[in-house]
Every structure is written in structure tokens, then in C-alpha cells.
Amino acid sequence: MMYPRTTENGKLVDDTQMVGAGEHLRGKRILNISGAITSEIDIPTILFAFDSISNDSMKLVISSPGGDLDSAFLIYDTIKLLESPVITLGRFCASAAVLLLAAGKERYLMPHAKVMLHLHSNYFAKDTSIPVQDMEIIQRESKKYKDKMIDILIECGVKRNRKELLRDIDRDFWLDPHEAIEYGLADKIIDKKTMGEWLK
């Protein structure tokens with residue numbers, strides 16, 4: 001993994017290796033998250049590196065089925081701690097990826113984006129070989145994850161109370177762009193003018 005390189009005056013000169021960002025994104029402060037969210041790609045460090053160069057806005061383009069909640073929480077915390085405003089653009093955002101979409105200072109969706117919320121998976125719930133004491137720990141931690149997800153969604157402006165949110169995300173809860181905006185997960189559908197301004 002390569003991180004942004006700077007010249008003596010602090011200008012970004014090369015970000016072409018960052019999480020699949022192409023040559024055309026050089027210097028645009030645009031970061032792509034594609035595929036599952038894991039700890040293998042250190043997105044928080046890349047965001048902090050951008051932030052250390054300047055406090056201009058960053059764009060986070062998200063196309064992800066979700067992934068590791070701990071990694072998503074870490075990216076979320078980083079977005080909220082940065083001096084630079086982070087603008088998010090969702091193409092396909094499911095599960096943990098929705099938390100990142102919702103975290104943006106400005107939150108856009110592609111015209112035909114899909115958004116899906118659900119409760120996290122507990123892979124150990126049906127494993128009868130796990131001792132009862134350990135199962136109690138797993139269940140306790142699982143509740144903490146659920147509560148943290150709900151807290152974040154409410155913090156990001158979701159227009160539902162805790163009870164309504166839990167009811168909605170008890171199963172896969174799919175939203176088109178207009179529904180996601182009404183729900184409070186995003187603000188606008190991106191248009192040609194806005195996209196053009198990003199790429200100038």
C-alpha cells in the first residue's frame with residue numbers, strides 16, 4: 001500500500017495507488033471503497049494522511065456489500081475526527097457500508113444506487129459446541145454491536161426512533177435513493193454538475 005506523497009510545499013503529487021483510485025483521480029482527494037470492508041486496507045490512515053496535507057474536502061466513493069463492523073466503526077470514527085469534511089457518494093451500500101455513507105458531511109447517492117440495512121450477523125449463534133459461559137459473552141457483545149449501530153444511525157440523522165429502526169432492520173431493508181434520502185441516510189442524488197465539479 002502506498003500513501004499520499006507530498007512535495008516540500010505540502011502539495012499532493014501521487015495518490016494513484018490508494019484503494020483502486022485511478023490515474024484520473026490524482027490530486028482530487030477522492031478515495032474509493034470497493035468490495036468488503038476489512039482491516040486489510042488501512043483506510044483510516046489514508047484519510048489521516050489526506051487530512052495532514054490540507055483541510056480541503058475529501059470524497060469517499062462507496063460500493064460495498066458491507067463487512068467487518070469493527071473496521072467500519074474505525075472508519076466512521078476517523079471521518080468524524082478529521083478536520084477535513086468528508087463527502088460521501090454511495091453506489092451500492094449494504095450493511096456496514098451504510099454507516100460510512102451516512103457519516104458524510106454531505107451525502108450523495110448515484111441515481112440508481114441501492115442501500116440496504118440489516119442487523120449484524122452472529123456467526124456463533126447456532127454453534128452448540130460453544131460453552132454456555134462463552135455464549136453469554138457472545139450474546140452480550142452482540143447486543144453492544146446492535147446498540148452501537150443504532151446509536152450511529154440516529155447520530156447521523158436517521159428519521160426513525162430506536163424502536164422503529166430495530167423493526168425495520170430486523171430483516172434486509174432495501175431502499176432506493178429517494179427512500180434512503182427520506183429515511184435520513186443521504187441528502188441528495190448526485191447530478192452531472194456536482195460530479196463535474198469534483199473532477200475539475
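On this tour a residue is called buried when its relative accessible area is under 20%, exposed when that area is over 50%, and partly exposed in between. The model you are looking at is predicted.

Begin by selecting R160 together with E182, whose side chains meet in a salt bridge with an N to O distance of 3.4 Å. This pair links distant parts of the chain, E182 sitting in helix α6 and R160 in the loop between α4 and α5 (162–168), 22 residues apart. R160 has a relative accessibility of 24% and therefore counts as partly exposed, and E182, at 45%, is partly exposed as well.

Next, select D187 and R107, which form a salt bridge whose closest N and O atoms are 3.0 Å apart. Because D187 lies in the loop between α6 (177–183) and β8 (188–189) while R107 belongs to strand β6 (residues 106–117), the pair ties together parts that are 80 residues apart in sequence. Is each partner buried or exposed, or something in between? R107 counts as buried at 8% relative accessibility, whereas D187, at 36%, counts as partly exposed.

Now move to helix α4 (residues 132–155) and select K143 and D147, which are four residues apart and so separated by about one helical turn. Their salt bridge brings the closest N and O atoms to 2.7 Å; K143 is partly exposed at 47%, and D147 is partly exposed at 24%.

Notes
Residues numbered from 1 in each chain as written. Predicted model: local features only at pLDDT ≥ 70, side-chain atom pairs only at ≥ 80, totals over all residues. Heavy atoms only, no water. Salt bridge = Lys/Arg side-chain N within 4 Å of Asp/Glu carboxyl O. Helix = DSSP H or I, 4+ residues; strand = E, 2+ residues; numbered from the N terminus. Buried < 20%, exposed > 50% of the residue type's maximum accessible area, 1.4 Å probe, protein only.
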